[in-house]
Amino acid sequence: MEFTGSSYTGAFKNGRMEGEGEYKFPTETRYVGEMKNGMFHGKGVLHFTNGSIYEGTWEKGISKQGKYTFSDGLKYQEKDWEFCDGYDRQFYTERCNGLKPAGESQLIDQDSLHVIPDGCYDCGDGFYDPNARVITDYEHHFLRNADDYEHEWIVSTCRKSWDEIVGHSPEN
């Protein structure tokens, strides 16, 4: 754990994590729950830095079943999404809390907008730099590298730091 930057607070047995405990990843994501033989085992909750959570049942370090709740309170469902999908969740907050005044407050689910660094995208859990293909959290700490699929999704769907003129532009 010292080598990777992780930490653990909780019970040990034979030098391994065993019983109830909290495991913190270098990204500040936390697992709180049951451990056995040094692995997640039993009931536990992953708390992500963006405020979302995953409550699950684990077996030898592998999640066997669970529920994911986004930071805005939307619970993930595999079937029967009434209005939201992986590409468009923009009306969830309005459906739950009513409409806000028009303007920038409607661009994202949170109450305040993040200032997106030049040349980057706001991908929901941080900023994405398409040149470096790196995602950082809103405090500019490294989260992950984007694969080709995530890169294409972010570039095609997320807010960017620059404006583009679209449509007809009459000549003067």
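How many bridges join strand β8 to strand β9, and in which direction do the two strands run? Three bridges join β8 (residues 127-129) to β9 (residues 134-136), and the strands run antiparallel.

## About the model

This is a predicted model, where local features need pLDDT of at least 70 and side-chain atom pairs count only at pLDDT 80 or more, while totals for chains, interfaces and linings use all residues. Residues are numbered from 1 along each chain as its sequence is written, and side-chain values use heavy atoms, with hydrogens and water left out.

## A sheet of five strands

Let us start with the sheet. Strands β8 and β9 belong to an open, antiparallel sheet with the order β10-β9-β8-β7-β11. Its edge strands, β10 (142-145) and β11 (159-160), each pair on one side only. Strands here are DSSP runs of E with at least two residues, helices are runs of H or I with at least four residues, and both are numbered from the N terminus. Two strands pair if DSSP finds at least two bridges between them. Within this sheet, Tyr-128 has Ile-135 in β9 as its bridge partner. In general, strands of a sheet pair through backbone hydrogen bonds, either parallel or antiparallel.

## Salt bridges

The whole structure holds six salt bridges (a side-chain nitrogen of Lys or Arg within 4 Å of a carboxyl oxygen of Asp or Glu). One of them joins Asp-122 to Arg-159, with the closest N and O atoms 3.1 Å apart. Asp-122 lies in β7 and Arg-159 in β11, so this pair ties together parts that are 37 residues apart in sequence. Asp-122 is buried, at 7% relative accessibility, whereas Arg-159 is partly exposed, at 23%. (Buried means under 20% relative accessible area, exposed over 50%, and partly exposed in between, with a 1.4 Å probe and protein chains only.)

Another salt bridge links Arg-144 with Asp-125, at 2.8 Å between the closest N and O atoms. Arg-144 sits in β10 and Asp-125 in the loop between β7 and β8, so parts 19 residues apart in sequence are tied together. Asp-125 and Arg-144 also belong to a salt-bridge network with Glu-150.

## A look at Arg-16

Now for another part of the chain. Arg-16 is in strand β2 (residues 16-24) and is partly exposed, at 45% relative accessibility. Gly-38 is 22 residues away from Arg-16 in sequence, yet their C-alpha atoms are 4.8 Å apart.
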